[in-house]
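Welcome! Take a look at the sequence and the model, then read on.

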Amino acid sequence: MICADLDADGDSDLIIANRGSIDVSILTNRGDGSFNDLVNYEVGNGPISVFCADLDSDFDMDLAVANYYSNNLSILKNNGDGTFQKAVNYITGQSPRSIFCGDVDGDDYLDLVVANAGDNNLSLLINNGDGTFKNPINFVVGFTPNSLFCVDLDGDMDLDIAVTNLGSNNISILKNNGYGSFYHTENYEAGHFPNSIYCSDLDRDRDKDLVVGHLYSDSISIFKNNGDGTFQNRVDYGSGDNSCFVFCADLDADLDFDIIVANGHNSCVSILKNRGDGIFKNASNYRVGLGPRSICCADIDGDIDLDLIVANCISNDVSILTNQGDGVFLTPVQYECGISPRSLFCKDLDKDVDLDLVVANWRSSDISILKNNGDGTFTSAANHQISEGDDLNSVFCADLDGDSDNDIVLVTNEVCILFNKGDGSFQDTFVYQVGSAPSSVFCSDFDGDDNLDLAVANERSNDVSILRNDGYGVFEGAVNYETGDNPHSIFCADLDKDNDIDLVTTSFYNDSISILKNNGDGTFEIPIKYGIESGYFSVFCADLNGDDNLDIVATNYENNSVSVLKNNGDGTFNSTMFYKVGFFPTAVFCSDLDGDGDQDLTVTNLENYNISILENEGDGTFYGAVNYGIGNMPWSIFCADFDGDFDLATVDFDHTVSILTNLSETPANQPPYSFSLLSPPNTDSVFTPVTLDWQTPYDPNFGDQIIYDLWLSKGLSFHPDSIIIFDSLYKSRFTGNLDIGIYYWKVRAYDSYGEEKWSDQIRSFQVAFLCGDVNDDMLIDLSDVIYLANYYLQGGECPSDPVCRANTNGDDKIDLADVIFLAKYYLKGGPAPQGCENYRP
């Protein structure tokens, strides 16, 4: 792998040689450190090494690729825009392992040098001046030459060659006579299996020293130059296991070269900081993907410091480590929790307006609560035992009992509820029975009573259990609905925009997802199934393409991908699009990570020890995955604002919670989606008390609380003198007494961070009265007859305003005739009261 500006736009692109194929991959930089989808170019068989240089003197970067199995090299000439012509191949020796470009013969054209592992020699191909090359000239070196570097080692202004010999455990130095011929080879013992070499002035004495990485070793070797191209005995420094690749760069901007090592066996890179004199500090290690084998350094994100790019040969991906400016790289901050954490949720548990963490620990049968200190750091975990020997599979936090604090729902072999005391401490557990082997839980209002109910996916009984809330956090017995086989994950959302909450489950063994549409009363239709890929593990719903409809994303555990299903607007879905991620993706989460207003994807990759970020192109299609190292076998993920932008929290099998801080400096929050007013219909007449309903808008910040302000006015302009505001409503319904008259209304929805959205329309309604309802109890009965008779005959209390509600016969006056008219209506079924036509509210 190598970095270079291929398309002349001023940023560094990536070029990767794919040994297991017949192509190289190009990932062009979008200018912000993220990359476009890869483009592949065919070369020879087994491309193993790639170098970028201007080979034809046209001021753009061409590619030279060594092909291990086809015993040749490929030249791909740049068209000037980062696209390439068809490869031209040149014969090399047997099993070429490494390639380097440099002006070896002093004619100002870049030549090629190739290490041939199968022939124990190097091939030199002289440039004709136009990017074509002469037949190779071979030079004998040690056994199995594996890596080479061209640089002036002896200070005579021409390029010499240093090469590692894997089979003879030494390095060979070939000195240039100035005309591209190498008259002398000197070998230096290098330790076991020298595999990689890099040349740089490590001690600031203006000559080039050598750094060598070793296969099957936990150290690197440094050879200091004596100034004449001869070298001192090696000095070894500890690194990681299988230190197979080395690179040098000034990572901390102190004008000396640091060393970066890829450790193939423990999936990390080691950084050894230079003290300034060629002596190095102890290694700092950073997690990457599986089998890191190549490194390059470049300013990927345009902030003038050098970032790290690592190619991982086992997980088949690239890891990006962003430099914070001082040679320290973004890594997860880790906090201990229980044994084998399986699920986590972020919510404000102690009412201090920051998000805390709740972790369900699978093996230790307890939960860990980590409280936010207010700055995105967390207290040590406080563990609460739930049961003995029961695996904890899933956790969800919500206000179940209507007391304005967040409670905890857990899934073991049953459903466990812990009610918050109001300060982030919890009462004893309440238990409810559901189906067999419950695996996932979700809280939402299914029956429209403004109380949060529970939905539980039951993996063995192949169903979901619905438990309805009575409003005080007490739940009815479970009602079960059939799904596909082995539902593993559940998500609840209004998929068909009918203002009720539907269900989505993944089926692990029958390669489908199931959608159960709500009938409007908290009962559900039979499932509609969509086939996607194999081993569906986790599901999430979000508006991915900005059409205000909720789409579906699911992880394909056995196919190492995510599936995206676009909503047609009615709760049916288009054909599936697939995006490759890492090995065995277990969880997916949607959030706006880069602050561009659309939903990106974050996926945990169990076997890669990393997460994949797929940035949204704005239309619900996604750029290729960028991977970030994380703990051992990450299982669950949550995106939330811990410190002012969308950060990431994961749990892994190292019994830790890992926090990855977002460096994009983008706003963390997005407003709720658009929503409509529902009832009463526009210009309708209603009686007091009045009930107003509106849609519950979707909040793209999962788990956030939406609050409402209801605005009423006697005029369409909402003049301040005529506005009535009912604020801080937590339900999408208002019921209250209003004076008789015409009202205009609209609703403001906002989340806990202040992001707001107004209702799509303004409506009006008229508060009317019921003629004959003299005592204003919304009924016409004997009490009204008595009330009116008492008023007219005995001088009793005046009828409620407007008094013309007592003018039951419609003659514009209140007298004995109205009493008789109302009595005949109620007692003998006479004509209904007619009201006062002259009255207008």
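**A first look around**

The charged end of Arg342 sits over the ring of Trp635, with 4.0 Å between that end and the ring centre. Please keep in mind as you explore that this is a predicted model.

**Arg342 and its rings**

- Trp362 is also involved: the charged end of Arg342 lies over the ring of Trp362, 3.9 Å from its centre.

**Aromatic pairs**

- Searching the whole structure turns up 33 aromatic pairs.
- One of them joins Phe100 and Phe149, whose ring centres are 4.9 Å apart; their planes stand at 50°, so this pair is tilted.
- Phe100 is buried because its relative accessible area is 11%, under the 20% cut-off.
- Phe149 counts as buried too, at 11% relative accessibility.
- Another tilted pair is made by Phe345 and Phe396, with ring centres 4.5 Å apart and planes at 45°.
- This pair likewise links distant parts of the chain, with Phe345 in strand S29 (residues 341–347) and Phe396 in strand S33 (residues 394–398), 51 residues apart.
- Phe345 has a relative accessible area of 3% and is buried, and Phe396 counts as buried at 7%.
- Which residues do ring pairs link into a cluster? They are Phe345, Phe396, Phe442, Phe491, Phe540, Phe589 and Phe638.

- Strand S11 covers residues 121–125, and five of its five residues are buried, so the strand is largely enclosed by the rest of the structure.
- Asn121, Ser123 and Leu125 point one way from S11, while Leu122 and Leu124 point the other way; all are buried.
- On one side of the pairing story is strand S10 (residues 111–116), which pairs with S11 in the antiparallel sense over five bridges.
- Within that pairing, Val113 has Leu124 of S11 as its bridge partner.
- S10 and S11 form a hairpin with four residues between them, and Asn120 in the turn has a positive phi of about 55°.
- S11 also runs antiparallel to strand S12 (residues 137–140), and four bridges join the two.
- Opposite Asn121 stands Val140 in S12.

**Asn420 in its loop**

- Where is Asn420 found? Asn420 lies in the loop between strand S35 (415–418) and strand S36 (430–432).
- Is Asn420 buried or exposed? At 2% relative accessibility, Asn420 counts as buried.
- Leaving aside residues up to four places away in sequence, Asn420 touches Leu349, Asp403, Asp405, Asn406, Asp407, Ser425, Phe426 and Gln427.
- From C-alpha to C-alpha, Asn420 and Asp403 are 9.0 Å apart in space, and they are 17 residues apart in sequence.
- The side chain of Asn420 reaches the backbone oxygen of Leu349 at 2.9 Å.
- That side chain of Asn420 also reaches the backbone nitrogen of Gly422, at 2.8 Å.

How values were computed. Residues are numbered from 1 along each chain as its sequence is written. This is a predicted model: local features need pLDDT of at least 70, side-chain atom pairs count only at pLDDT 80 or more; totals for chains, interfaces and linings use all residues. Side-chain values use heavy atoms; hydrogens and water are left out. Buried means under 20% relative accessible area, exposed over 50%, partly exposed in between (1.4 Å probe, protein chains only). Two strands pair if DSSP finds at least two bridges between them. Rings of Phe, Tyr and Trp (its six-membered ring) pair if their centres lie within 6.5 Å; planes under 30 degrees apart count as stacked, over 60 as edge-to-face and the rest as tilted. A charge sits over a ring if NZ of Lys or CZ of Arg is within 6 Å of the ring centre and within 35 degrees of the ring normal. Contact means heavy atoms within 4.5 Å. A polar contact is a pair of N or O atoms within 3.5 Å; within protein, one must be able to donate a hydrogen and the other to accept it, and residues adjacent in sequence count only if both atoms are side-chain atoms.
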